[in-house]
Amino acid sequence: MLSVKEAQQQILNLQVKIKTKKVPVLDTLGLVLAKDIISDDNIPAYDNSAMDGYAVKAEDILGADKNYPVKLNLLKEDLPAGKVPCRSLESGYAMSIMTGAPIPQGCSCVVMREDTQEKGHFVLVFKECREGKNIRYRGEDIKKGDKVLKRGKVIYPGDIGVMASIGKSEVLVIYPPLLGIMTTGNELLEIDSELTMGKVRDSNSYSLAAQVKEVGAYYKKYGIVRDEKEILGKKITEALAECDILLLTGGVSVGNYDFVKEVLGSIGAQLLFWGVNQRPGKPLAFLTYKDKFIFGLPGNPVSVMVCFEMYVRPLIKKMMGMDKPFRNSIYAKSSYNFEHKEGRTDFVRVIIEKKGSEYFFKSTGTQGSGVLTSMSEADGIAIFPEHKGNIKKDDDMQIYLLKE
Ligand code: AMP
Ligand code: MG
């Protein structure tokens, strides 16, 4: 059977198609830029005031002090932001100016309102000011022709602000894949159904949709499909016509009604692997169909989520143009001894505690693959690797962080 590392490597080695699309700038948050962003403008576009105060000539207020203020003539014209100055500033004069207003000709600095006092047609200046003080110069932040953001960069809110400031309303990005989500099982009920004997609500399509959404990709739900080969085949074909990655849950194990692999084979999908030496999630199947990918995820709710973290997420990240396929991880010390069978990788849902400068972890409790509360309680997934036997108290283990 394939090891976890081998299965992950197979997925990461795949050739994937990268889709690009021009989208409204606000929709680019968290995506990767597909093209350099070059500015067509200087930002700021003109010299302007960084303060509310008075536009003056620096040499006019040399030596100004609390006890020896300099008296300047106050011009009538006042400069709010948005107004173009009508006249230039002569020696011995001051002009009232607001933050963001263009600097009038002849002005070499702006003295803060707090360091002045207006007296009728005059203004007293109590502090000297070096040339250029409180002036934001044209192109000081961004120069026309500057490469402001580089292709391949992940977009954060600050980048969106920068792109807005230079008028980029639409931006070419790597467009995330569309994931189809389909759950299989005769026992499955819709979310708003009453539980009856033998039935369970379909939680897998919800946890998966949330996981896809968290990564920043798109999903389409294809609902619950009964364990019948013909219906399954029809539904899968329909989904593969639209989606880049199809996620199926249930029906991939060795039960009498586990038809997913057989049906996928009959429509011509290529099996890359089935079965990974791990717990939970052993019967995981991975297939390709033309340029599409298919995950046959086990039905158990924890297996579904863990397999998504370990295999689906990295593939999505790759298709989104990101170079970090896995979650951030830390090393933490085990709070107690754990039984672990050497020769298989276990993904253990854990709670992390910080004591002093060290991290410790403990189990969320029962680790059954149906105990979905273990996923909601977990801060992370600890990896108990194949090559290691029982875990001893204080052993340092790698933990993928689920809640950063
Ligand atoms: P299977 O892999 O189809 O044998 O399913 C394994 C277990 O997971 C069974 O107990 C199923 O009832 C359960 N299961 C399968 N699909 C879902 C689902 N969509 N939501 C919740 N539980 C499920
Ligand atoms: Mg089933």
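This is a predicted model: local features need pLDDT of at least 70, side-chain atom pairs count only at pLDDT 80 or more; totals for chains, interfaces and linings use all residues.
Residues are numbered from 1 along each chain as its sequence is written, chains are lettered from A and ligands numbered from 1 in the order in which they are written, and side-chain values use heavy atoms, with hydrogens and water left out.

I looked up the domains, whose bounds come from an automatic or database domain assignment, and noted among them domain 1 (19-42 + 147-175) and domain 3 (176-319). Four residues of domain 1 are in contact (heavy atoms within 4.5 Å) with seven residues of domain 3.

I then searched for salt bridges, meaning a side-chain nitrogen of Lys or Arg within 4 Å of a carboxyl oxygen of Asp or Glu, and found one across this interface. Lysine 19 and aspartate 244 meet in a salt bridge, at 2.8 Å from N to O. Aspartate 244 also pairs with lysine 17, where the closest N and O atoms are 3.6 Å apart.

I checked accessibility, where buried means under 20% relative accessible area, exposed over 50% and partly exposed in between (1.4 Å probe, protein chains only). Aspartate 244 is buried at 6%, whereas lysine 17 is partly exposed at 35%.

Finally, I recorded that salt bridges with shared partners join Lys17, Lys19, Asp244 and Asp291 into one network.
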